[in-house]
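Thanks, everyone. I'd like to walk you through the side-chain contacts in one model. Here it is.

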Amino acid sequence: MAIRFSIDEISKSNRHTLGRDIDVAVFRLIRFMDLEKYLGRGAHGVIYECGRELGQSLNPKSIDDIIKFCEEYKIGKIEVVNKNPIQIRVYECISCSGLPEVGETLCWFEGGFIAGCLEKILNKKVRAKETHCAGLGDDFCQFEITTL
């Protein structure tokens, strides 16, 4: 199922503290194109892997490195809400914050990014599964991390 938003829905971002000094509308238009048309049914996996590769390439040493990067580049505000199992919340997520509920999670790139960062920090393969998202009607994104 392709998820599409109108330009009005995308440009009416509700990102309170990270502000609107960057226009997320163009990012979201590209991000929520019908990528399955071009990449096939595995499009979400490709997006996740792109995020994972970016996270690994940053070579973070701690969760604080992830938090700083995400705030500096306006990806979102990161909070660790549980350590066992690891659960990470993203407030004001660049992909979905303020978008309408569509009945599914939307933040495959962010999940991959978090997984890639944590793989470097923990020196283990991990998987990030999104359990909360604006696409599901939530006010934040949350990822549960499992080691593989």
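Is E119 buried or exposed? E119 is buried, with a relative accessible area of 8%. Buried here means under 20% relative accessible area, exposed means over 50%, and partly exposed is in between, with a 1.4 Å probe and protein chains only.

Some ground rules. This is a predicted model, so local features need pLDDT of at least 70, side-chain atom pairs count only at pLDDT 80 or more, and totals for chains, interfaces and linings use all residues. Residues are numbered from 1 along each chain as its sequence is written, and side-chain values use heavy atoms, with hydrogens and water left out.

Salt bridges next. The criterion is a side-chain nitrogen of Lys or Arg within 4 Å of a carboxyl oxygen of Asp or Glu. Searching the whole structure gives two. One pairs E119 with R52, and their closest N and O atoms are 3.1 Å apart. E119 sits in helix α6, residues 108-122, and R52 in helix α4, so this pair ties together parts that are 67 residues apart in sequence. Helices and strands are DSSP runs, numbered from the N terminus: H or I with at least four residues for helices, E with at least two for strands.

The other pairs E49 with R52, with the closest N and O atoms at 2.7 Å. Both E49 and R52 lie in helix α4, residues 43-57. They are three residues apart, about one turn of the helix. How accessible are they? R52 is buried, with a relative accessible area of 16%. E49 is partly exposed at 32%. Shared partners join E49, R52 and E119 into one network.

On to the rings. Phe, Tyr and Trp rings (the six-membered ring for Trp) pair if their centres lie within 6.5 Å; planes under 30 degrees apart count as stacked, over 60 as edge-to-face, and the rest as tilted. The whole structure has three aromatic pairs. F69 and Y73 form a tilted one: 4.6 Å centre to centre, with 35° between the planes. F69 and F113 have ring centres 5.6 Å apart and planes at 25°, so that pair is stacked. F69 belongs to helix α5 and F113 to helix α6, so the pair links parts 44 residues apart in sequence. Both F69 and F113 are buried. Y73 is partly exposed, at 48% relative accessibility. Y73 is in the loop between α5 (63-72) and β1 (77-83). Ring pairs link F69, Y73 and F113 into a cluster.

Now charges over rings. The test is NZ of Lys or CZ of Arg within 6 Å of the ring centre and within 35 degrees of the ring normal. R89 lies over the face of F140, 4.0 Å from the ring centre. R127 has its charged end over the ring of Y48, 3.9 Å from the centre.

Last, the core. A nonpolar core is a set of buried Ala, Val, Leu, Ile, Met, Phe, Trp, Tyr and Cys residues joined through side-chain atoms within 4.5 Å. The largest one has 28 residues. C96, C107, I114, C141 and F143 have the most contacts inside it. Which elements give two or more residues to this core? They are α4, α5, β2 (86-91), α6, β3 (126-132) and β4 (141-147). The most comes from α6, with six residues.

One close-up. Leaving aside neighbours within four places in sequence, C96 is in contact (heavy atoms within 4.5 Å) with R28, L106, C107, C133, A134 and C141.
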